[in-house]
Amino acid sequence: MGKISLMAALALVGTGCTEPAPTATHRGQSLAATVSAMAPAGGRSHVVSFAAQPLRSDIALATVATLYDVAASALSLQKTDHDALGMTHHRYQQMYNGLPVVGAELSLHENANGEVVAAVSTLHSTAASTAMVTINATDAQAIARAAYANERNVATRLDGMAYAVDNNGVPRLAHQVWVTGEAVDHPILTQVFVDAQTGDVLAVRPHVQTARNRKTYSANNTETTPGTLKLSEAQTSSGDATIDKLHASVGKAYDCMKSVFQRDSFDGGGATIIASGHYGQSFANGYWDDTQLVLGDGDGQMFSNIVGDPDWLAHELTHGMTARTANLIYEKESGALNESMSDIVAAICDAHVRGSVTAQTWQWSEVAYTPGQSGDAGRYMANPTQDGESKDHVSGMQSCGTPSEQNDSCWVHYNSGIPNLMFKLLVTGGQHPRAGQGAVRSDVKVPKLGMERGAAIAYRALTTYMQQSTNFAGARTAYHQAAMDLYPQSPDFAQATDLAWYAVGVGPAVANLSTGVGEPNGGDATPDPNDPDPSDPTNPTSGQPADYVGGCSAGAGAPAVGTPLLLVAWASLLRRRRSNRPEAGH
Ligand SMILES: [Ca+2]
Ligand SMILES: [Zn+2]
């Protein structure tokens, strides 16, 4: 497919389905109305599409900042990326008193003409923030350490100060303390934010991200990582079968990322992938520790040797990719999204390696999990509650008080089942496995987009439109925007992402597409040279299938879906603002 004309796509959004684009002449005010409509107080992540009236970067920046009561000068440009669609993406960190506000970001997304067509913001007003310090750094370290009294080899290290956002959405001056040590089933590498005024622990952020949240292990000896170098890139044999297998498995995970996402290693810049095997004794887990993969040999009961399970490798390596892109904070919903993204890439790579989507695609770690029992898996993306712990709908999401290591950072591994199921439904189409039970709606039917499109949308949503604090609702808008970028000729695809999220209880209601569940003809008729398995209808090409109804034919008379909804909100806000507010001054 040739380069997509983004402007054409945006014109389609603005003039097509529901009502004409607003005729506001003051672009700053249009943006203000749009953003205030979609970004409620508290700094929730929202992708705002104002494609119909693109803005100059400086105007967009100043206007969004003003809406959050944040000075434009407080936004520090962190990086600028260009992508294959001709778009440019700027990411800003919110600062206050010269210190970062942790997890508070703004990104601006420009079309090929350098005009901003979307903004994502998780900013926080600092109106109630202070610079008061009554707890000194030494006390802060003692406070952080106290939470780890039962762990071994605990040490603390100061990392300066920052503003951490409390449960009321107020950035509070905090000491950043790193805690290291040994928990029962994994090393501790955790960032603890201690309120400099009250001594409260504001946030606990583990940076060791495991694949499975285990409760007990039979044995585990600490080892130093990375340990002894056994194999370098071109080598294949070390004389140690486990290390050789690990080396090969890492290679497969790399190859998958390269061929599916055109991404050169987890950082996108060809970073060396460091992996250590033989970690601990009978260690039935693996993790990403911010710099490398670490894998145990398995305990032979819960998990056999996990170095040979591609789902594990893809999962852990994806934590590295997430850390270098959206950098989703590992707690609450952003943490569940982080976990889910690792499972989603494991599913993508499973299908990629096998050449088609199979039942095993939606089973995580079916290879290594319980070697004594066949047919089961560590997690079930098609039916998350099958493991007895994971969640499959927002109505049943497991909540917590303050995230901690004891509650798995607010149950990130259980709640990851919700976006896991969303992705599965998006790829295969269909209904929620518990449709009609409890709060799970039976009238939501997700159309099938196939693995290739699902993977492209998920990847772009993560790398372009998610931020550190993105929650489930923000993720839905990220998927929608990513689908609009990738498939501007097929707005139904973006609507399919809305339906997939709605099926698991995220975001406002959406009407079903008239195409119903799945593609009637089972996928594409036209083979695509890039399609690893053209005969597999679940792995369609990137072109628009003939059986897909494009444009705005779906659901005549139904409520507006997706981006048109934004325009409705925008128009009504504009009307409201015009009546009770003078023209904004810029
Ligand atoms: Ca699998
Ligand atoms: Zn994980």
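Modeller: Let us begin with the definition that a length check needs, namely that the expected span of a helix is 1.5 Å times one less than its number of residues. Please keep in mind throughout that this is a predicted model.

Biologist: What should the twelve residues of helix α9 span, and how far apart are its end C-alpha atoms?

Modeller: Helix α9, which covers residues 417–428, should span 16 Å, and its end C-alpha atoms are 16 Å apart, which agrees. The residue that follows α9 is G429, and its phi is positive, near 75 degrees.

Biologist: How many of the residues of α9 are buried?

Modeller: A residue counts as buried if 20 or more other C-beta atoms lie within 10 Å of its own. In α9 twelve of the twelve residues are buried, so this helix is largely enclosed by the rest of the structure. Among them are I418, L421, F423 and L425, but also N420 and K424.

Biologist: Which helices do the buried residues of α9 pack against?

Modeller: They pack against α7 (332–354), α8 (408–415), α10 (450–465), α11 (472–486) and α12 (491–503).

Biologist: At what angle do the axes of α7 and α8 cross?

Modeller: The two axes come within 8 Å and cross at roughly 40 degrees, which makes α7 oblique to α8. The crossing of α7 and α8 is right-handed. In this contact, K332, G335, A336, N338 and E339 of α7 meet S409, C410, V412, H413 and N415 of α8; by class, the contact has three nonpolar, five polar and two charged residues.

Definitions and conventions: Residues are numbered from 1 along each chain as its sequence is written. Chains are lettered from A and ligands numbered from 1 in the order in which they are written. This is a predicted model: local features need pLDDT of at least 70, side-chain atom pairs count only at pLDDT 80 or more; totals for chains, interfaces and linings use all residues. Helices (H or I, at least four residues) and strands (E, at least two) are DSSP runs, numbered from the N terminus. Two residues are in contact if their C-beta atoms, placed from the backbone, lie within 7 Å. Axes are lines fitted to C-alpha atoms, for helices over the stretch in contact, and angles run from 0 to 180 degrees between N-to-C directions. Angles under 35 degrees count as roughly parallel, over 145 as roughly antiparallel, 65 to 115 as roughly perpendicular and the rest as oblique. A crossing is left-handed if the near helix is turned anticlockwise from the far one by less than a right angle, and right-handed if clockwise. Ala, Val, Leu, Ile, Met, Phe, Trp, Tyr, Cys and Pro count as nonpolar, Asp, Glu, Lys and Arg as charged, and the others, Gly among them, as polar.
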